[in-house]
Amino acid sequence: MITRLWRGWARTDVADEYDQHYRTEVLETLQGLPGFAGARLLRRVVGDEVEFVSLTFFDDLEAVRSFAGPDHETAVVAEAARTVLTRFDHTVAHYDTSFAT
(Lines give C-alpha, C1' and ligand atoms only; values in the text may rest on other atoms or scores of the structure.)
Protein backbone atom coordinates (compact mmCIF):
# COMPACT_ATOMS: atom_id res chain seq x y z
CA MET A 1 0.00 0.00 0.00
CA ILE A 2 1.17 3.52 -0.81
CA THR A 3 0.52 6.48 1.50
CA ARG A 4 0.49 9.89 -0.21
CA LEU A 5 1.25 12.84 2.10
CA TRP A 6 0.47 16.49 1.33
CA ARG A 7 0.13 19.66 3.44
CA GLY A 8 -1.73 22.94 3.06
CA TRP A 9 -2.44 25.93 5.30
CA ALA A 10 -5.46 28.20 5.65
CA ARG A 11 -6.41 31.14 7.84
CA THR A 12 -8.41 30.01 10.85
CA ASP A 13 -11.50 31.93 9.73
CA VAL A 14 -11.75 29.97 6.45
CA ALA A 15 -10.26 26.62 7.47
CA ASP A 16 -13.66 24.96 7.68
CA GLU A 17 -14.20 25.80 4.00
CA TYR A 18 -11.16 23.74 3.04
CA ASP A 19 -12.24 20.94 5.37
CA GLN A 20 -15.65 20.84 3.64
CA HIS A 21 -14.04 20.92 0.17
CA TYR A 22 -11.91 17.91 1.11
CA ARG A 23 -14.86 15.97 2.55
CA THR A 24 -16.99 16.51 -0.54
CA GLU A 25 -15.14 17.25 -3.78
CA VAL A 26 -11.80 15.59 -3.04
CA LEU A 27 -13.32 12.43 -1.59
CA GLU A 28 -15.89 12.19 -4.38
CA THR A 29 -13.07 12.19 -6.93
CA LEU A 30 -10.93 9.73 -4.99
CA GLN A 31 -13.72 7.26 -4.24
CA GLY A 32 -14.33 6.79 -7.94
CA LEU A 33 -10.77 5.61 -8.61
CA PRO A 34 -9.72 1.97 -8.80
CA GLY A 35 -7.06 1.26 -6.22
CA PHE A 36 -8.07 4.06 -3.83
CA ALA A 37 -7.95 2.65 -0.30
CA GLY A 38 -8.97 5.52 1.99
CA ALA A 39 -8.04 8.97 3.25
CA ARG A 40 -7.40 10.93 6.41
CA LEU A 41 -7.39 14.70 6.83
CA LEU A 42 -5.49 15.94 9.86
CA ARG A 43 -5.67 19.50 11.11
CA ARG A 44 -4.05 21.61 13.79
CA VAL A 45 -3.94 25.28 14.68
CA VAL A 46 -0.48 26.81 14.35
CA GLY A 47 -0.50 30.50 15.23
CA ASP A 48 -3.11 32.21 13.08
CA GLU A 49 -3.31 29.37 10.56
CA VAL A 50 -4.68 25.87 10.38
CA GLU A 51 -2.30 23.30 8.97
CA PHE A 52 -3.90 20.41 7.08
CA VAL A 53 -2.16 17.12 6.43
CA SER A 54 -3.79 14.90 3.83
CA LEU A 55 -2.98 11.21 3.90
CA THR A 56 -4.41 9.22 1.03
CA PHE A 57 -3.96 5.49 0.60
CA PHE A 58 -3.63 3.63 -2.68
CA ASP A 59 -3.00 0.01 -3.60
CA ASP A 60 0.04 0.89 -5.72
CA LEU A 61 1.70 3.68 -7.73
CA GLU A 62 -0.46 2.93 -10.76
CA ALA A 63 -3.50 3.83 -8.66
CA VAL A 64 -1.75 7.03 -7.55
CA ARG A 65 -1.09 7.90 -11.19
CA SER A 66 -4.77 7.39 -12.01
CA PHE A 67 -5.43 10.29 -9.63
CA ALA A 68 -2.38 12.50 -10.06
CA GLY A 69 -1.33 11.76 -13.62
CA PRO A 70 2.08 10.69 -14.91
CA ASP A 71 3.92 13.32 -12.81
CA HIS A 72 2.49 11.78 -9.65
CA GLU A 73 4.71 13.75 -7.28
CA THR A 74 3.06 17.02 -8.26
CA ALA A 75 0.27 18.06 -5.89
CA VAL A 76 -3.30 18.01 -7.19
CA VAL A 77 -4.90 21.18 -5.80
CA ALA A 78 -8.23 22.27 -7.25
CA GLU A 79 -8.96 25.95 -7.87
CA ALA A 80 -11.57 25.92 -5.10
CA ALA A 81 -8.88 24.85 -2.63
CA ARG A 82 -6.36 27.37 -3.93
CA THR A 83 -8.75 30.23 -3.15
CA VAL A 84 -8.96 29.17 0.52
CA LEU A 85 -5.40 28.03 1.21
CA THR A 86 -2.75 30.61 2.03
CA ARG A 87 -0.01 28.20 0.93
CA PHE A 88 0.46 24.53 0.16
CA ASP A 89 3.05 21.96 -0.77
CA HIS A 90 3.49 21.85 -4.54
CA THR A 91 4.86 18.34 -4.37
CA VAL A 92 3.80 15.31 -2.36
CA ALA A 93 5.64 12.49 -0.68
CA HIS A 94 4.86 8.81 -1.22
CA TYR A 95 5.61 6.16 1.36
CA ASP A 96 5.43 2.39 1.24
CA THR A 97 3.23 1.43 4.15
CA SER A 98 5.32 -0.91 6.23
CA PHE A 99 2.79 -1.50 9.02
CA ALA A 100 -0.88 -0.71 9.65
CA THR A 101 -3.50 -1.89 12.12
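A: The protein chain contains 3 helices and 5 strands, where helices (H or I, at least four residues) and strands (E, at least two) are DSSP runs numbered from the N terminus. Their order from the N terminus is β-α-β-β-α-α-β-β. This is a predicted model, in which local features need pLDDT of at least 70, side-chain atom pairs count only at pLDDT 80 or more, and totals for chains, interfaces and linings use all residues. Residues are numbered from 1 along each chain as its sequence is written, and side-chain values use heavy atoms, with hydrogens and water left out.

The structure holds 6 aromatic pairs; rings of Phe, Tyr and Trp (its six-membered ring) pair if their centres lie within 6.5 Å, and planes under 30 degrees apart count as stacked, over 60 as edge-to-face and the rest as tilted. The rings of tryptophan 6 and tyrosine 18 are tilted, with planes at 40° and centres 6.2 Å apart. This pair links distant parts of the chain, since tryptophan 6 belongs to strand E1 (residues 2–11) and tyrosine 18 to helix H1 (residues 15–31), 12 residues apart.

Tyrosine 18 is buried at a relative accessible area of 4%, and tryptophan 6 is buried at 8%; buried means under 20% relative accessible area, exposed over 50%, and partly exposed in between (1.4 Å probe, protein chains only). Tyrosine 18 also forms a tilted pair with phenylalanine 52, at 4.9 Å centre to centre and 55° between the planes. Phenylalanine 52 lies in strand E3 (residues 49–58) and tyrosine 18 in helix H1, so the pair ties together parts 34 residues apart in sequence. Phenylalanine 52, like tyrosine 18, is buried. Ring pairs join Trp6, Tyr18, Tyr22, Phe52 and Phe88 into a cluster.
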